Every structure is written in structure tokens, then in C-alpha cells.
Amino acid sequence: MKRNTKGLTRKLAALGLASALVLSMSAAALAEATTTDATTAATATAAATLTNEEKQQARQAARSTYDAAVDEVLTEMVTAGALTQEAVDSYHALRDAERLVEQIDTSSWTLDQVTAFRQAISGSGVNETTLAGLISQGALTQADADAIKKAYDSDRVTLTALINKVDTSKATQAMITQLQDARKAYAQALADAGIVSGIGNARGGVGTGSRGNWPATGFQGNGRNRGRGGK
């Protein structure tokens, strides 16, 4: 019986091409991983040389860029009728408080003071007695405490909460993607400067990131927000 050698040849050729593609992809992935590792190491080295003041400047620059990107999307949502201006204003009030909290100089705080602060914000709302104690110790001013209470208020409107209010019939996936991209860029900018996101300036920090304020993922545009809240 005559064998179909042409068909077999085509299959072997296809197999060879597939193998070549796999090998080339593996080599590319290895090269990319090596490049990424080298870039990460170089970034970490550069970040280690930044002064506290330079880190603070880097944080403020990253925040300004992030806030502007978020506001652009929120304005689009309000214009589209997907969000109310009142809801956006509530988020802005929280964000303003968070920015004040980030400026608190925690470099001289003792471990006990850091622990006390974390306990003060660990429940629903803020433990004002603990904050008063930190004020009496000189770790906080009254203005600091007021900003902290606003930033950690149990009824505060975080960006996640704000996005959950979006009328998805009037918004687009692109809007949510813009918010996610802005957050990623912000996180990368902090990482490049060797900054851990959290309360206090680059000289200290005890973590506002513990109560997330970033947009939900998985926006479906089907009348429901099925996303999962993130940090």
C-alpha cells in the first residue's frame, strides 16, 4: 500500500516549526527574565541611595500623577452620569485627609507608639483615646489626629467604595482599566524609589494601605460590578 509521504512530511515540518517556536519563546522568556532581574537589581541599588527628602519628593510626585489620572476618569464618569458629583466629593475629602496623614513625620516614633497607632485604627473607625495619648506624647498634633480620624472613618468613601457606586450601564470598561493602570504606575513609581506605601513620610510609615483605597477589578459593564476590591 502506498503511503502518503507528503502528508507525513507536512506534519513533521509543522512539528519542527512548533518546536522551534517553543525553543525561541523559552529563550526569549529567559532573556526577558534575566533583563527584568537585572533592572530590578539596578532599581533597588538606585533607590537605596535616595535620601529621605528625595523619597518624600518621589512619593509626592507619584501621588500627584496618580491623583490627576484618577480625577480625569472620575470627571468622565460624572459627565457620563455613571457617578454623582456628591459621591466624588466624598472621595476627595477622604483623599485630602490621606494626603495629610502621609505627611506625618514618624521617624522619631518608638515601637510602642507605632503599635499603639496600629491598634487605634485596627477596628471600625478610630480609637480616639489612643490618638489623644499619642498627642500628649508629642507624636501627633491635633491636626494630625483630625486627619487620621477622617482617613480611617468607618463611613469613609474609598475609591473602591466609589467605584462600587458606578452605574455600569453608563460607564465603560476602559474607564476602570485607566484606574487600574494608574494604580499600577503609582505602585511602580513607589517601588522604584524604595518606598513602602503607608502612613507617614518616606522617613517612617505605619501603613494607610492596610485599609484599601483602590478601584475594584473585573468591571463587567453588564449593570453589575462584579469586581473584587483591591488595595
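Predicted model: local features only at pLDDT ≥ 70, side-chain atom pairs only at ≥ 80, totals over all residues.

Modeller: Residues are numbered from 1 along each chain as its sequence is written, and side-chain values use heavy atoms, with hydrogens and water left out.

Colleague: Why is Gln113 called buried?
Modeller: Buried means under 20% relative accessible area, exposed over 50%, and partly exposed in between, with a 1.4 Å probe and protein chains only. Gln113 has a relative accessible area of 12%, and is therefore buried. The residue belongs to helix α4 (residues 111-120); helices are DSSP runs of H or I with at least four residues, numbered from the N terminus.

Colleague: What is Gln113 in contact with, leaving aside its neighbours within four places in sequence?
Modeller: Its partners are Ser108, Leu134, Gln137 and Ala139, where contact means heavy atoms within 4.5 Å.

Colleague: What makes α4 roughly antiparallel to α5?
Modeller: Axes are lines fitted to C-alpha atoms, for helices over the stretch in contact, and angles run from 0 to 180 degrees between N-to-C directions. Angles under 35 degrees count as roughly parallel, over 145 as roughly antiparallel, 65 to 115 as roughly perpendicular and the rest as oblique. Helix α4 packs against helix α5 (residues 128-136) at about 155 degrees, with the axes 8 Å apart. α4 is therefore roughly antiparallel to α5. From α4, Gln113, Ala116, Phe117 and Ala120 make the contact, and from α5, Thr130, Leu131 and Leu134.

Colleague: Why is α3 called oblique to α6?
Modeller: The axes of α3 and helix α6 (residues 142-151) cross at roughly 135 degrees and come within 8 Å. α3 is therefore oblique to α6. In α3, Leu94, Ala97, Glu98, Leu100 and Val101 meet Ala147, Ile148, Lys150 and Ala151 of α6.

Colleague: What is a nonpolar core, and how many residues has the largest one?
Modeller: A nonpolar core is a set of buried Ala, Val, Leu, Ile, Met, Phe, Trp, Tyr and Cys residues joined through side-chain atoms within 4.5 Å. The largest has 25 residues, and Leu74, Met77, Leu159 and Leu162 have the most contacts inside it. At least two residues of this core come from each of α2 (52-80), α3 (85-102), α7 (159-163) and α8 (173-192). Another core, of 19 residues, lies apart from it and includes Trp109, Phe117, Ile121 and Ile148.
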